[in-house]
Amino acid sequence: MRSELTRWAGLIVASCALSAALLAAGVPSAPLFAALVCAVAAALFGRAPGPIPRPVQLAAQGVLGAYIGTLMQAHTIAALGSRWPAALLVGFATLVLSVGAGALLGRHRDTDSITGSLALVAGGASGLVAIARELGGDEKTVAVVQYLRVGLVTVSLPLVAALYPHVPGASVAESGPSRPWWFDLGFTAICVGGGLAVGLATRLPAGGLLGPLVTSAALSLSGVAAGATVPGLLVMAGYLVIGWQAGVGFTRESLRSMARLLPWAILLIVGVGIGCAGLGFALSAMTGVSTLDGYLATTPGGIYAVLAVAASSNVDITFVVAAQLIRVLLMLFLAPAAARGFQRRRSRRDDEARVGIGL
């Protein structure tokens with residue numbers, strides 16, 4: 001018991017230290033990446049602690065769900081105006097593109113259809129890692145490929161955006177009034193507790209994350225939340241738990257499998273990025289926004305990098321944010337069902353092939 005506590009203490013200290021360094025360097029989703037790296041290192045050296053208790057996993061999923069829900073603000077969604085059908089259509093197209101690419105990844109011998117589909121879904125990386133195990137996927141592979149996707153998009157975003165014609169300047173986003181810490185803490189408790197209860201009672205797929213997300217979004221959009229958000233320390237703790245969950249189960253064989261898988265994953269990530277850039281041009285043509293607006297609105301990940309680029313350019317930042325949020329929500333709610341559909345279809349084909357061989 002004491003040995004396991006010592007291992008947990010070491011993992012927590014190492015993860016927090018690396019997270020602080022990565023945050024200072026501007027790395028996206030730094031706590032999630034730091035926890036994943038430290039947990040993988042501990043597992044490979046035989047120093048991994050025991051599995052994370054189920055209640056702690058659900059609490060972390062609930063916190064992340066509540067946090068994502070707070071991004072849904074009435075004034076942001078209203079910014080779409082009459083352009084919301086085009087944004088929704090492009091969001092669906094992005095879903096089809098990324099899940100299709102994920103199905104191709106799932107044909108690799110080192111993974112499966114549901115893991116491949118979730119690993120390349122273009123949006124909600126931390127949420128998808130959190131629910132991968134719930135859907136029968138390999139959260140280790142999902143975590144590594146999702147972080148690779150976010151990293152590649154974040155690095156390439158400023159370079160690609162610079163190629164679009166635009167006028168440098170500043171876009172100002174609205175900021176809500178500050179609230180006392182206890183108000184935000186109470187809001188988080190209601191969203192996580194109530195959302196988990198509803199999500200699990202209704203058997204909502206990945207209810208541990210989606211239940212609190214729906215609760216938080218409903219309170220935010222209705223105005224009842226009055227600008228409440230999830231405390232930053234809780235969000236970081238949620239990221240750490242999700243990263244540990246994915247990393248503690250790593251083995252040397254897992255690492256070898258990932259090394260074989262990554263070249264194919266990188267190729268598909270680049271393909272999804274090019275496809276989404278094309279969808280950005282389509283969105284621009286359908287709505288009349290600039291081509292840079294369309295590109296930023298459809299970029300497959302790295303939402304904080306998107307906001308940083310938008311803030312330094314004269315673009316319609318509320319439109320970009322609203323379109324990005326639609327993309328993330330579509331991915332989180334519909335991608336798991338699509339991934340399961342690909343898995344069932346592939347299983348059916350395999351069964352038919354076995355029957356044919358038997359005949």
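This is a predicted model: local features need pLDDT of at least 70, side-chain atom pairs count only at pLDDT 80 or more; totals for chains, interfaces and linings use all residues.
Visitor: How are H12 and H13 oriented to each other?

Guide: Helices here are DSSP runs (H or I, at least four residues), numbered from the N terminus. Helix H12 (residues 252-287) and helix H13 (residues 291-298) pack with axes 7 Å apart, at an angle of about 130°; axes are lines fitted to C-alpha atoms over the stretch in contact, and angles run from 0 to 180 degrees between N-to-C directions. Angles under 35 degrees count as roughly parallel, over 145 as roughly antiparallel, 65 to 115 as roughly perpendicular and the rest as oblique. H12 and H13 are therefore oblique.

Visitor: How many nonpolar, polar and charged residues are in the contact of H12 with H13?

Guide: Contact means heavy atoms within 4.5 Å. Among the residues that meet are Cys 276 and Leu 283 in H12, and Tyr 295 and Ala 297 in H13. Ala, Val, Leu, Ile, Met, Phe, Trp, Tyr, Cys and Pro count as nonpolar, Asp, Glu, Lys and Arg as charged, and the others, Gly among them, as polar. The contact of H12 with H13 divides into 7 nonpolar, 5 polar and no charged.

Visitor: Which hand has the crossing of H9 and H10?

Guide: The axes of helix H9 (residues 181-201) and helix H10 (residues 207-222) come within 7 Å and cross at roughly 130°. A crossing is left-handed if the near helix is turned anticlockwise from the far one by less than a right angle, and right-handed if clockwise. The crossing of H9 and H10 is right-handed.

Visitor: How are H5 and H12 oriented to each other?

Guide: Their contact includes Val 90 and Leu 97 in H5, and Trp 264 and Leu 283 in H12. The axes of H5 and H12 come within 10 Å and cross at roughly 165°. H5 and H12 are therefore roughly antiparallel.

Visitor: Which element gives the most to the lining of the largest cavity?

Guide: A cavity is a set of points, on a 1 Å grid over the protein atoms alone, where a 1.4 Å probe fits but cannot get out, and lining residues have an atom within 4 Å of a point. The whole structure has 2 cavities of 30 Å³ or more, and about 50 Å³ lies in the largest cavity, a volume being the space filled by probe spheres set on the points, which are joined across faces, edges and corners. Helix H5 (84-105), H13 and helix H15 (317-358) each give two or more residues to this lining. The most, 4 residues, comes from H5.

Methods: Residues are numbered from 1 along each chain as its sequence is written. Side-chain values use heavy atoms; hydrogens and water are left out. On a 1 Å grid over the protein atoms alone, a cavity is a set of points where a 1.4 Å probe fits but cannot get out, and a pocket is an open set with protein on both sides within 12 Å along at least five of seven lines; lining residues have an atom within 4 Å of a point.
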